[in-house]
Amino acid sequence: MMKARIFGIDRHRLTTDGDGVTTLVTFNGCPLRCKYCLNKTSWDMTKGREYTPEMLYEEVKIDQLYFLATHGGVTFGGGEPLLQKEFIKAFRALCGPQWQIVMETSLNVPFEVVQEMDAVVNGYIVDIKDVNPDIYFAYTGKENALVLSNLEWILRHGDANRVRVRVPHIPEFNTDDDVAKSVEILKRMGGVDIEEFTYVIR
């Protein structure tokens, strides 16, 4: 039986995770180890609760009327939701095409995963960290060449408006100039929905 560990289900979110009313579902499991991770719970695979796609669908379908009326749906985050591609594909089969499904993702996954999932999801929210590979590595412990190639493919494969790219100013890791350089590069790649913000360190 297919299962995934989920540590959060947050209902009735408005325009923060996609269009309309959304439910944010956060998975355990992430390939990155960001220094200021906002969801370190996702690193611990013993936390949260195990769900099958059917269990999750039964829990979130209570808001179907809101989803349909506002062109909303479910946003999968984490952690890294693209690590749960088979689970999300099974969930899509249950909810049908009427709900919007959005991935809140780092895109630090193999290209084959992105290519396979592109037909399943409606949109992406990509936390790019920083385009500069040295800054990215210092902050996440990983390389970002795969991230950038995945993002460029998504931007050029269909409607770029379905991709919101978040470019954070990360205290002690990048500067306003670094952010501006990232935004410039992302625009050249085809990005049209680019959001700048500052991480709030607690």
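Predicted model: local features only at pLDDT ≥ 70, side-chain atom pairs only at ≥ 80, totals over all residues.

Now zoom in on Phe76. Leaving aside residues up to four places away in sequence, Phe76 touches Val25, Phe27, Leu56, Pro81, Ile88, Phe91, Ile101, Val102, Met103 and Glu104. Two of the names on that list, Leu56 and Phe91, will turn up again in the next stop.

Helix H1 covers residues 53-60 and helix H3 covers residues 85-95; their axes come within 9 Å and cross at roughly 50 degrees. That angle is why H1 counts as oblique to H3, and the crossing is right-handed. On the H1 side you'll find Pro53, Glu54, Leu56, Tyr57 and Val60, and they meet Phe87, Ala90, Phe91, Leu94 and Cys95 of H3. Sorted by class, this contact has 9 nonpolar residues, 1 charged residue and no polar ones.

From H6, the residues Leu148, Leu151, Glu152, Leu155 and Arg156 meet Leu186, Arg188 and Met189 in H7. The class count for H6 with H7 is 5 nonpolar, 3 charged and no polar residues.

Next, the loops. Is Val121 buried or exposed? Val121 sits in the loop between helix H4 (111-117) and strand S6 (123-127), and its relative accessibility is 6%, so Val121 counts as buried. Beyond residues up to four places away in sequence, its contacts are Arg92, Ile101 and Met103. Val121 and Thr75 are 46 residues apart in sequence, while their C-alpha atoms are 9.6 Å apart in space.

Compare that with Asn161, in the loop between H6 and S7. Asn161 has a relative accessibility of 56%, and anything over 50% is exposed, so Asn161 falls in that class. Its C-alpha is separated by 24 Å from that of Leu83, which is 78 residues away along the chain.

Last, some backbone details. Most residues other than glycine have a negative phi, and most peptide bonds are trans. With that in mind, look at the bond joining Gly78 and Gly79: this peptide bond is cis, with omega at about 10 degrees. Gly79 belongs to the loop between strand S4 (73-77) and H3.

Then there's His12, which isn't a glycine but has a positive phi of about 60 degrees. You'll find His12 in strand S1, residues 4-14, and at 41% relative accessibility it counts as partly exposed. Glu172 has a positive phi as well, near 80 degrees. Glu172 is placed in the loop between strand S7 (163-169) and helix H7 (176-189), and with 74% relative accessibility it counts as exposed.

Note on methods. Residues numbered from 1 in each chain as written. Heavy atoms only, no water. Contact = heavy atoms within 4.5 Å. Axes fitted to C-alpha atoms, helices over the stretch in contact; angles between N-to-C directions. Helix = DSSP H or I, 4+ residues; strand = E, 2+ residues; numbered from the N terminus. Parallel < 35°, antiparallel > 145°, perpendicular 65-115°, else oblique. Left-handed = near helix turned anticlockwise from the far one by under 90°. Nonpolar A, V, L, I, M, F, W, Y, C, P; charged D, E, K, R; others polar. Buried < 20%, exposed > 50% of the residue type's maximum accessible area, 1.4 Å probe, protein only.
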